[in-house]
Amino acid sequence: MESMYRIYPEKRYRKTLAILKQFASSGTTILDLGVRNPFSEVMEKEGYRVINTQGEDLDLFPEKLRSYQGEMVTALEILEHLVNPFGVLQQLPAQRLLVTVPLRLWFATAYRNAKDPRDCHYHEFEPWQLDMLLEKAGWQIKYREKWTHPVGKIGLRPLLRYFVPRYYAVYAEKMTND
């Protein structure tokens with residue numbers, strides 16, 4: 001059997017997939033926020049049924065999420081691109097959620113693509129900030145994991161990336177009003 005490392009050489013793909021497999025079995029229908037991307041294909045290759053939100057402006061029209069269906073929602077490196085992720089989190093149509101975000105690094109500025117205003121980070125979270133956002137939006141956190149992202153370059157920042165966590169994943173379930 002081919003190792004996950006050879007199939008998915010990117011560490012964040014391997015980590016995210018391993019977490020997803022803990023909470024969703026193959027065959028699960030997943031609403032993946034955002035446009036179709038390489039990880040959408042990874043999930044499909046692993047047997048998940050994936051629906052993407054495509055080009056919806058979730059900041060302006062979070063209520064459009066109610067028209068989608070899925071047993072679980074994934075928000076994989078998408079919340080940091082939203083001006084207001086709170087409204088989106090409140091409107092999610094499933095009871096289970098897997099979120100990954102890049103963490104705020106004290107030694108690097110927030111990501112911004114000057115040529116594409118949709119490709120910038122309005123938020124680079126600290127773990128407590130994402131936790132608070134999820135809880136206020138009605139989600140109960142069941143699992144958390146952080147990991148580093150070494151880049152294989154020489155320098156102080158690349159060295160720090162070996163030790164300072166860059167990504168944060170949270171699995172949560174919608175709170176019920178019992």
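1. Glu 145 touches Lys 15, Ile 19, Tyr 167, Tyr 168 and Ala 169, with residues up to four places away in sequence not counted; contact here means heavy atoms within 4.5 Å. The residue is found in strand β5. Glu 145 counts as buried because its relative accessibility is 18% (buried means under 20% relative accessible area, exposed over 50%, partly exposed in between, with a 1.4 Å probe and protein chains only). Its side chain is joined to that of Tyr 143 by a polar contact of 2.4 Å (a pair of N or O atoms within 3.5 Å; within protein, one must be able to donate a hydrogen and the other to accept it, and residues adjacent in sequence count only if both atoms are side-chain atoms).

2. This is a predicted model, in which local features need pLDDT of at least 70 and side-chain atom pairs count only at pLDDT 80 or more, whereas totals for chains, interfaces and linings use all residues. Residues are numbered from 1 along each chain as its sequence is written, and side-chain values use heavy atoms, with hydrogens and water left out.

3. The protein has six helices and six strands, and from the N terminus on its elements run α-α-β-α-β-β-α-β-α-β-α-β. Helices (H or I, at least four residues) and strands (E, at least two) are DSSP runs, numbered from the N terminus. Of the 178 residues, 43% count as buried. Among contacts with a separation of 6 or more, 62% are between residues 24 or more positions apart. The accessible surface comes to about 10000 Å², with 52% belonging to carbon and sulfur atoms; accessible areas come from the Shrake-Rupley method with a 1.4 Å probe, and for residues only the protein chains shown count as cover.

4. Six of its seven residues are buried, so β4 is largely enclosed by the rest of the structure. Four bridges join β4 to the parallel strand β3 (residues 72–76), with Thr 74 having Leu 98 as its bridge partner in β4. Seven bridges join β4 to strand β6 (residues 167–174), and these two run antiparallel; here Leu 97 stands opposite Ala 172. Two strands pair if DSSP finds at least two bridges between them.

5. Together with β3 and helix α4 (residues 85–91), β4 makes a right-handed β-α-β unit. Right-handed means that, with the strands pointing away from the viewer, the path from the first strand over the helix to the second runs clockwise.

6. The largest nonpolar core has 28 residues, and those with the most contacts inside it include Leu 33, Leu 89, Leu 97 and Leu 130. Elements giving two or more residues to this core are β3, α4, β4, α5 (127–136), β5 (139–147) and β6. A second, separate core of 18 residues includes Ile 19, Leu 20, Ile 30 and Leu 98. A nonpolar core is a set of buried Ala, Val, Leu, Ile, Met, Phe, Trp, Tyr and Cys residues joined through side-chain atoms within 4.5 Å.

7. Arg 66 lies in the loop between β2 (49–52) and β3 and counts as partly exposed, because its relative accessibility is 46%. The side chain of Arg 66 reaches the backbone oxygen of Gln 90 at 3.4 Å, and a polar atom of that side chain lies 3.4 Å from the backbone oxygen of Gln 91. Arg 66 and Pro 93 are 27 residues apart in sequence but 5.5 Å apart in space, C-alpha to C-alpha.
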